[in-house]
Amino acid sequence: MRKKRAVGLLLALVLAVGLTPPLRAAELAFVAVNDTIPTTLSGGGMPFHLGGSLYLPYTAFNQQSLGVFVSYRGDEGIISIIGAPEQLTFDLRQSTVTDKRGNVEDVTLMVSGGQIFLPVPVFAGAFGVSISELTSRSGYSVIRMTNGNQVYDDALFLEKAENLISYRVDQYLAPNTPPPQPAVKPTAPMPSAPVQVGQEDETDEEEEEEEEPDPATVYLAVSGLAGAEEALDALSAEGQTAAFFFAAGEIEGNGALLRRIAAAGHVLGLRVPAGAEPKAALRRANDALDRAVHEKTLLALLPETAAGEGIEAAYSVHYLSETPLTAAEAAEASGQTRLLVLEGQAVREGLAILREGEAILRPLRETTSLPEPDAEE
């Protein structure tokens, strides 16, 4: 019979005082999933090592982009992690973990700073997730979880995430300090001129071979609640992903839809309606997102008129031009990179146009940095 360690959690409480120091003394670390940083850890929630295993707060495992959801029943001392292909049930009173087949194993669970910590290797092994322990250029710890859907390797991911990490550090260190007001030109999409194919030189005896134009690279975004389910079905049929941007009022009361979008591998972002005060609208939307899916984001879509208000210092911002780019214009932007923002009802037709134009679709992330159209002309 398996020996139960009923005193395991009590022992963990005692040991918590003398744990291996956190990965960084700055009391700030980040959890990344594939190419996105969805979670910031601070204070008593910092990761640590014990007995050769990495530990994270149980809330850090609640990652919709991995298709994993966490529930905590405090009155029973039970934490459940549910996803594909596994389900883990941690019993805090017995210091055990049970899989969906009923197999029970002893496990060391930790409580420190009022937070419950779980061993990362147990989670990673059950759900087929790879774990990388990284350090940013500025010296902050990044725990990266990947499931094969990542685009960047660890080194390139850190390079692209550095600005985002700096934003979050600034927010943490000086949350009440107004951000700087940089003069930023909005990255508004511009229609591309028709592709010019080289003409024959009639004086040459040999006919010159025409060069094939390079395909356009398109980051696809869906704006607003209207048609979002239709867009989700269209993207699923094409095997593509997109960023879905919602305003606070669209997030509230639609948690089930947002969880479905995140579980399908899409990215959730914040949208600021025209005429709204950007900073207040983003705060409200992020709070609503946190309540709906237990996740916040820095990915934001703002009207072009909101440029220059200092939002860029705190969020990963993209602007929606007053003259929106069409799918046909995006597909014709030979060799260039464009952000295409569509309403949900237009996504199916837009995907067909992009496919016909042989455009390369890329997922928009918090770490994505798009060039201004003028710089590519």
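Tutor: Buried means under 20% relative accessible area, exposed over 50%, and partly exposed in between, with a 1.4 Å probe and protein chains only. Helices (H or I, at least four residues) and strands (E, at least two) are DSSP runs, numbered from the N terminus. This is a predicted model, in which local features need pLDDT of at least 70 and side-chain atom pairs count only at pLDDT 80 or more, while totals for chains, interfaces and linings use all residues. Residues are numbered from 1 along each chain as its sequence is written, and side-chain values use heavy atoms, with hydrogens and water left out.

Five of its five residues are buried, so strand E17 is largely enclosed by the rest of the structure. Leu299, Leu301 and Pro303 point one way from E17, whereas Ala300 and Leu302 point the other way.

Two strands pair if DSSP finds at least two bridges between them. Strand E16 (residues 267-271) runs parallel to E17 and is joined to it by two bridges; leucine 270 has alanine 300 in E17 as its bridge partner. Between E16 and E17 the chain passes through helix H7 (residues 278-293), and this β-α-β crossover is right-handed. Right-handed here means that, with the strands pointing away from the viewer, the path from the first strand over the helix to the second runs clockwise. E17 also pairs with strand E18 (residues 316-320), in the parallel sense and over five bridges. Within that pairing, leucine 302 has tyrosine 319 in E18 as its bridge partner.

Two loop residues elsewhere deserve a brief remark. Most residues other than glycine have a negative phi. Asparagine 34, in the loop between strand E1 (28-33) and strand E2 (36-42), has a positive phi near 55°. Asparagine 34 counts as buried because its relative accessibility is 5%. Serine 95, in the loop between strand E7 (87-91) and strand E8 (96-98), likewise has a positive phi, near 55°, and counts as buried at 1% relative accessibility.

As to confidence, pLDDT is the predictor's confidence in each residue, from 0 to 100. The mean pLDDT of the protein is 81, and 81% of its residues reach 70 or more. Over residues 1-25 the pLDDT stays under 50, and the model has 43 contacts (heavy atoms within 4.5 Å) beyond four places in sequence for them. Residues 175-206 also have pLDDT below 50. Where pLDDT is low, the predicted coordinates should not be read in detail.
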